[in-house]
Amino acid sequence: MRARQSEIERRGRRIFELVDKHPEPLFSKAGFYQRLMALSMRDERFKVQLFRFVDVLPSLRRSREIIEHLNEYFSDDGFGPLVGTGVHLARIVPWVSGPILRWNVSGMAHQFIAGKNPDDVIATLRKRRAQKIGFTVDLLGEAVVSEADADEYAARYLDLLEKLARETKSWTDPLGKNSELFPVVNLSVKISALYSQINPADPADAIAHLAPKLRPLLRRAREVGAFINFDMESYAHKNTTLELFKTIFTEEEFKDWPHAGIVIQAYLRDSEADLRDLIEWGRKRGTRFAVRLVKGAYWDYETTKSLQNGWDCPVYFQKPQSDANFETLTRLLLENESIITAAFGSHNVRSIAYAQALADELGIDRSRFEFQLLYGMAGPIKRALVEMGYRVREYCPVGELLPGMSYLVRRLLENTSNEGFLRAKFAENVSAKELLRDPRELIRSNGASPMKLQSPIPLQDQHRKNSASLDTDPGDVYRNSPLVNFVYKDSQDKMRSALREVRKRFGEKYPLYIGGEKVWTDQLTPSVNPSAPDEIVGYGSEAGIAEAERAVKAARDAFGKWSRTPVEERARLLERAADILERRRYELSAVEVFEVGKPWNEADADIREAVDFCRFYAQQMRRLGRPKLTQQVPGEGSYHHYWPRGVAFVIAPWNFPIAILCGMASAGVVTGNAVIMKPSEQSIICGAMLMQVFEEAGVPPGVLNFLSGHGSVIGAHLVDHKDVDMIAFTGSREVGLKIWESAGITRPGQRELKRVICEMGGKNAMIVDSDADVGEVVGYSIYSAFGYQGQKCSALSRLILLEENYDRVMERLIPAAASLRIGNPEEPGSMVGPVIDEAAYRRILDYIEVGKSEATLAYQAKEIPPHGYFIPPTIFTNVKPNMRIAREEIFGPVLSVLKVRDLDEALEVANGTDYALTGGFFSRSPANIERVKAQLEAGNIYINRSCTGAIVGRHPFGGFKMSGGGTKAGGEDYLLHFLIPRVVTENTTRHGLAPEQTPEYRDEFLWPKPE
Ligand SMILES: Cc1cc2nc3c(=O)[nH]c(=O)nc-3n(C[C@H](O)[C@H](O)[C@H](O)COP(=O)(O)OP(=O)(O)OC[C@H]3O[C@@H](n4cnc5c(N)ncnc54)[C@H](O)[C@@H]3O)c2cc1C
């Protein structure tokens, strides 16, 4: 070990010597760029603003806009003198400063981008050839959101290949040895550029679409003697990329072709298993292939994404762990040199020196592997490696400035990263000894993770801890249940198996549940699969007035005891229910797929939300449940606390069939009310499943009752019932307003004024600013408008485009809609499934006819499944604010696009509706973002993201105006609607003697006291 370390140090020092022979700062471009980077490394806040500015700049067309943005990003005090002067200058002479800035940023981009187009890049490659540096070329492009984009990409790859092959015909191998392993022409391909609908849950679908696009490229590469490498992108695409690689290179045509390569990312915890699997595959295949070993370019993205979804993070938390793993994998690659040609993609001299030392130890000639480095980075290291007689290949991105921005920002981040090698060596002059240390020695044994990954409470204790504390800020502490990550094959298998199992139970009958008993009635309501209406998922017993009366009585009887059951016991009931929901997660998701046509991930999100409602409300009730002292005054204890209202009637919709029902019912139960829950007529089976969950969790008889039946019969009866004290309703405006009205009438014998929670629909708008990132706008708008067929109350219905951006957005929006996969959601690749039932189907088609008569039909999908309630995604343009399709809620996959002059008009249009549920804004102008945050009328405002997908605790959900009464499901004040506040005041003085302190909290007022 020690001998190897000294060999690594010897080689590392040699590289440094050679590097120091041609001293070059970290950033070869001097002046503007150099200074900005130096500032970025000093000030994290500046860095964020700078990179954001760089990101938006190419999309700004006029000098004035550039200056405005510069002002908004950097007008804060404390940003370095360079920027201060820049902003100042810009204010005075905007027509000069705008172009200069753009020119400077283009200069920055061109440091990392080898050419605008294939012709441009050849000149760069020639220069490198003279320096004995080879190339691999990568095509930069905008995010692929449609199949039109993907086809264009495929054509560009082919064109690039042809040009490179033609121009380099006479080029020979720089080392003149083992050249058969290293074709001169080397192309790096990203699979996300070739198929717009990759769904990690369905690798087979992705492969089926990607392989036909790749084959012509591979065939041609083989003909011209080129090499094709599959780059590796985010973790979501990793398994698909590996699977695709193995599938296509096992095909007869490519089985014996050695010039294919793939990337392994050492920052991934499962990279060693993946590499071993590839080696085994390669040995069976019997032909060489190549692996480029890198650490990985998406560390920040992966950590953020996993944190947001509550997933296990796929990357290592400590940089030395990635470095150490890089070395482990280097060994694995070199030990399998007989089947793999290795490329080491790193700028880190320690990582490079390790590979060199080990190769020597294993007797592998230096011409049989290569070092790969990025264009525009670590020039002196490349030169040193060439001088030492190693193979060096440069990774050369080609493309325009705009699509190149995300690549540029990644490189800037890498160069300025606190943890990066380049910064340590070239900007901070860390000593060679330090830089060459064995990474294993640097791994901290306590496994400390970076700040943003540190959870205030260890995961396993989070829910318990929450319950113990009274004062914690719930938004900060509550951790949501993780979503199922369908990237994993195991999750895919579990879901498929659940679908098979649930299908076996089709046609079963489900009872009502009243007073702790299952109740069967003669009348059965079938619940059908909207993808295949001849399939009956199950039958629900139908309740009539008699059962409704029975349920009210059972609830009333149970209320007395339940209302005085300690909060802790009630909270635990919800937590047991949450555990059961999690245990039955796949099964319940599968029921949703069949009964309401939800795609896998949407169904899973619904169950996750139900779990969250239970745990979050349990936590909230513990917070509210203990009487709290109102003021500290001597001689008096005055405690504010809550009582439940009585019997709560819960009426839920079918579109979140378990989550919303569970949310309202669990809130009712945990607050001490007795609840009668009525699922929608279209989602009886989901409702019955939820009842099973609570039954298993041990809900006492009568505390939760389940009645399925017609809203117009039992619903209306119970709303008017004198013994029902509150109604929690989520559904249509028409029904909601009726409930609101009838609940206002006080009937003979009624004890309470009825409280109504009324959550209704929306006509949600998304405004798109002139500087918005078009790729993001399109991706998120499509998802917000057509995800779950547009049947979420939060769904996007009106896309409001500033005229300046109109054409650019529409050019990409329509092809993106045309690329959506429509089909039975049993298949995970389907993004758009059926609408809920025939009535909805007809109503939406009628609206489409209205749209055709009022506006312009800009797009309608042509191919939809022949059976089932499938509606083609439809987009209307030339929509005016007063048209019916712009005013009325459609609740289907229909999007209206409105063109406006400016942000003033956009806000006027967005707010000019009866509803105020969700609203969105896409912009990169900090000032405009602040304005929209303040002025857009909606209960939930989303900036630069989709306007659907609220998460319990994180995005308390609910609207106002005709969208609802202003309540927030999943928010910390939600439970208050189920409670009546009370204050108990006691004079604690006796002849002037008063206790010194009155406790801030006291036990609940319970009598008799529980044992
Ligand atoms: C030719 C070439 C091609 C490449 N192709 C790809 C590709 O297809 N896909 C891809 O993802 N990457 C690819 N990369 C890698 C990526 O772009 C970075 O350049 C590379 O990860 C930087 O590593 P380094 O060894 O040069 O620098 P170092 O400074 O030694 O390492 C930086 C890397 O360490 C990792 N890291 C940083 N912080 C932490 C932390 N706290 N915990 C754990 N790990 C951390 C990250 O991966 C980061 O990029 C490629 C790199 C090269 C040179």
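**Ligand site, cores, sheet and cysteines**

A polar side-chain atom of Lys-295 lies 2.8 Å from an oxygen atom of the ligand. That is a polar contact, defined as a pair of N or O atoms within 3.5 Å; within protein, one must be able to donate a hydrogen and the other to accept it, and residues adjacent in sequence count only if both atoms are side-chain atoms. The model is predicted: local features need pLDDT of at least 70, side-chain atom pairs count only at pLDDT 80 or more, and totals for chains, interfaces and linings use all residues. Residues are numbered from 1 along each chain as its sequence is written, and side-chain values use heavy atoms, with hydrogens and water left out.

Stay at the ligand. Asn-348 has a side-chain N or O atom 2.8 Å from a ligand oxygen. Arg-292 places a side-chain N or O atom 3.0 Å from a nitrogen of the ligand. In total, 31 residues surround the ligand, counting a residue as near if one of its heavy atoms lies within 4 Å. The closest are Gly-296, Ser-322, Ser-346, Glu-414 and Phe-421.

Now turn to the nonpolar interior. In soluble globular proteins, nonpolar side chains tend to be buried together. A nonpolar core here is a set of buried Ala, Val, Leu, Ile, Met, Phe, Trp, Tyr and Cys residues joined through side-chain atoms within 4.5 Å. Buried means under 20% relative accessible area, exposed over 50%, and partly exposed in between, with a 1.4 Å probe and protein chains only. The largest core has 130 residues. Phe-249, Phe-344 and Ile-381 have the most contacts inside it. Leaving aside neighbours within four places in sequence, Phe-344 is in contact (heavy atoms within 4.5 Å) with residues including Leu-293, Phe-326, Leu-333, Phe-369 and Phe-371. A second, separate core holds 77 residues, among them Ala-498, Tyr-510, Met-689 and Val-703.

Next, a sheet. Strands (E, at least two residues) and helices (H or I, at least four) are DSSP runs, numbered from the N terminus. Three strands form an open sheet in the order β14-β15-β30, with antiparallel pairing. β14 (628-629) and β30 stand at the edges, each with a single partner strand, so one side of each is left without a neighbour in the sheet. Two strands pair if DSSP finds at least two bridges between them. Strand β15 (residues 636-644) is joined to β30 by 9 bridges. Within this pairing, Tyr-639 has Val-984 of β30 as its bridge partner.

Some backbone details deserve a look. Pro-1008 lies in the segment after β30 (979-987). His-991 is exposed, at 87% relative accessible area. Ala-378 has a positive phi too, about 55°, and is not a glycine. Ala-378 sits in the loop between β7 (370-374) and α15 (379-387).

Last, the cysteines. How many disulfides does a search of the whole structure find? The search finds 0. A disulfide is a pair of cysteine sulfur atoms within 2.5 Å. The sulfur of Cys-662 has its closest cysteine sulfur 3.6 Å away, in Cys-614, too far for a bond. For Cys-947, the closest cysteine sulfur is in Cys-793, at 11 Å, again too far for a bond. Cys-662 is buried at 0% relative accessible area, and Cys-947 is buried at 0% as well.
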